[in-house]
Structures are given as structure tokens and as C-alpha cells.
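Hi,

Here is the structure I promised to pass on.

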Amino acid sequence: MSEVTADPRSPIDPQVNSSGREGLTGTAPASLYGPLVEREQITIAPDFAPADAQPAWRQDFPIDWPQDQYVERRDFMKFMVLTSAAFAVGQLWIAAQNWWRRQNGSYEIRRIASVDDVAVGGTIVFTYPAEHDPCLLVRTSDTEFVAFSQKCTHLSCAVIPRPEEGIFFCPCHEGRFDLRSGAPTAGPPRRPLPRILLDIRGRTIYAVGVEERTV
Amino acid sequence: MRTTAHRPFSRDQRTTIVYGMLAFVLIIVILQLWLLTATMNAWLGGDDTVVLPAAAVSLGCLCLNAGLLWYLARLERVRRQLSG
């Protein structure tokens, strides 16, 4: 005779001659009027077979899979809400940094070099606006100077000027930026290099601000 | 007079509810991730007009998720109270 593989959560036993119902008639199981076990307290095997049909290891360490699944999903949802909180905190951090940046006000005017210090095609490294913000001044022609932040907009590696190729080159991931505009032309960077605003007074070059751009 | 029967959800029903909530929460969290990266990109590029609206929307998403979690906790609390 085949084993009964009905859902053990069901209170009605469809088989008359099954275990515990010998000698009884009708469809009610012998345990119907016994102490009630709450439906959710019944341990259910993955194959829905009764407990005594399970292998010994599962009988020794029964796992209630539906309960396990419920708890797992519930805890995963809690973790996702925690992740959501982390993202919201990140947004607030950006807002706080933005407020701090606005409080600091405008950029100072700082002397970089004399016009005669840079040959055509030559570069000078300077820091602006803070001491740890390296920048590059490039003389592209007799009358034209450009300056950009030296930090790659991908992962902040220092870019290297290559005036003969007309690019700034980032050796970390082979990013390339146009020498005149600072716009990304190849590699992983998506944002242009921040432009340092210059003011040439007489023979002296001054940095007067930073222009950050998205395109 | 109209009365309402307060029968707690069974575990299977609660599992279904959790699945629905989880799908909703996952979509919102992915939206928040996109919002954070887009805001960071704009802010690093000097565009700070989106910072405050994005922070407000992200906080709104968090409130929505926290509300769903609170509802789930309430379901379990009601279940425990009614089952003694």
C-alpha cells in the first residue's frame, strides 16, 4: 500500500485505514477530539510527507520550512529598510556638505605664476583652492592659458598632461580628457575636469575660482 | 449594527503579505540608489539645485518603507495578542 502523502496540516484524513484510525468509520481522524495543535506549530517537511516518513536526520532535526521562509523574507525586508535608511542618510550628507560649501563662500584670488614662467606647451602644477587640491596650468599658445584640477573625475587619480596629444591622461584606468576644455574623451570618466578660472593681470596669472561642470 | 471580525492572518497569508511588501520595498530601494548616484553626480559637477528635492524624496521613500515595516510588526503583534 502506498504511503499517504497528503498535506499534514489538513485536519481531515482522507484514508480510512490509516494509522490511528483503525476500527473507526467515517472520515474523522482519531485525533480529532484530542488536544488541538495550532496549525502554525506543525512542522512541515519540504515534500509535505508526514514526519514518520522522513529520513532519520530530518526527524532528529526537523525544520519548519514555511516558517523558515517567512522569517527569512521578513528579516530580508528589515535589512532592505535599513539599506533604505542608509541611502536617505547619504542624501542628507550630500545636503549637509552642500550647505557647508555654501557657507564657506567665494574662492580667494591666488597668484599662480608669471606668464614668462610657462613656455608654450609647458605646464605648471599648483594647488587651488586648498593646499591639497592639485591643479595644472597649461599654456596652449602664446596668449592662451588653461587650468584644470588634476584629480580625475573617475576615482581622483592624478591626471598627466600630454600637450603634444592634446589630452590629459589618467594612468589608473586610461581615462582621457581634452586639453583645452577638460571634457572626457575616452575611458571611464563621465564628468569633465573642474576648470580653474584664470585672470591674467599684466604678466601675472591668478586663479580666481573653480567651475565644476556635469557636461 | 455592523461588526467586523478581527481574525488574525495565518502564517501563509502573512508570508504572501511579506512577499508583496518585499517587492515594493526592493523597487523603492533601487529607486533610492539611483537617486543617490544621480544626485552625487550632479553635486560633484557643481549643480546643487537637485540636492534638497532629492533628499526630501529619499526621506519620503524611507518613511514609506518604515511604514510598511511598522505594518508588518503590527500584524505580528496582533497575532501574538490574539493567540495569547
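Predicted model: local features only at pLDDT ≥ 70, side-chain atom pairs only at ≥ 80, totals over all residues.

**Chain A overall**

Chain A has two helices and 10 strands. Of the 215 residues in chain A, 20% are buried. As for contacts in chain A with a separation of 6 or more, 31% of them are between residues 24 or more positions apart.

**The helix α2(A)**

Helix α2 of chain A covers residues 65–103, which is 39 residues. Just after α2(A) comes Gly105(A), with a positive phi of about 80°.

Which residues of α2(A) are buried? They are Tyr70(A), Arg74(A), Met77(A), Met80(A), Val81(A), Ser84(A), Phe87(A), Ala88(A), Gln91(A) and Ile94(A). And what do these buried residues pack against? Their partners are in chain B, namely α1 (11–44) and α2 (51–82).

**How the helices pack**

Take α2(A) and α1(B) to begin with. They pack at an angle of about 20°, and their axes are 9 Å apart. Angles under 35 degrees count as roughly parallel, so α2(A) is roughly parallel to α1(B). The crossing of α2(A) with α1(B) is left-handed. By class, the residues in this contact are 20 nonpolar, 10 polar and four charged.

Within chain B, the axes of α1(B) and α2(B) come within 10 Å and cross at roughly 165°. The cut-off for roughly antiparallel is over 145 degrees, and α1(B) and α2(B) are therefore roughly antiparallel to each other. Their crossing is left-handed. The contact of α1(B) with α2(B) holds 17 nonpolar, four polar and one charged residues. If you want to look at it on screen, the α1(B) side includes Ile17(B), Met21(B), Phe24(B), Ile28(B), Leu35(B) and Trp43(B), and the α2(B) side includes Val51(B), Val57(B), Cys61(B), Leu64(B), Leu68(B) and Leu75(B).

**The interface between the chains**

How many residues are in contact across the two chains? It is 37 residues of chain B with 29 residues of chain A. On the chain B side, α1 and α2 each supply at least two residues. The largest share of that side comes from α1(B), with 20 residues. Sorted by class, the side of chain B that touches chain A has 24 nonpolar, nine polar and four charged residues.

**Val210(A) and its surroundings**

Val210(A) sits in strand β10 (residues 204–211) of chain A. With 18 C-beta neighbours inside 10 Å, Val210(A) counts as partly exposed, because a residue needs 20 or more to be buried and 12 or fewer to be exposed. Leaving aside residues up to four places away in sequence, Val210(A) touches Tyr107(A), Pro129(A), Pro194(A), Ile196(A) and Leu197(A). Val210(A) is also 9.5 Å from Ser106(A), C-alpha to C-alpha, although the two are 104 residues apart in sequence.

One of those contacts, Pro129(A), deserves a click of its own. A cis peptide bond joins Tyr128(A) to Pro129(A), with omega about -5°. Pro129(A) belongs to the loop between β2 (123–127) and β3 (134–139) of chain A.

**Two more backbone spots**

As background, most residues other than glycine have a negative phi, and most peptide bonds are trans.

Ser156(A) is not a glycine, yet its phi is positive, about 65°. You will find Ser156(A) in the loop between β4 (145–149) and β5 (160–162) of chain A. Is Ser156(A) buried or exposed? Ser156(A) is exposed, with 12 other C-beta atoms within 10 Å.

Glu174(A) also has a positive phi, near 60°. Its place is the loop between β6 (167–170) and β7 (175–178) of chain A. Glu174(A) is exposed too, with 10 other C-beta atoms within 10 Å.

Over to you, and do write back with any questions.

Cheers

Notes:
Residues numbered from 1 in each chain as written. Chains lettered and ligands numbered in written order. Helix = DSSP H or I, 4+ residues; strand = E, 2+ residues; numbered from the N terminus. Contact = placed C-beta atoms within 7 Å. Expected span 1.5 Å × (residues − 1). Axes fitted to C-alpha atoms, helices over the stretch in contact; angles between N-to-C directions. Parallel < 35°, antiparallel > 145°, perpendicular 65-115°, else oblique. Left-handed = near helix turned anticlockwise from the far one by under 90°. Nonpolar A, V, L, I, M, F, W, Y, C, P; charged D, E, K, R; others polar.
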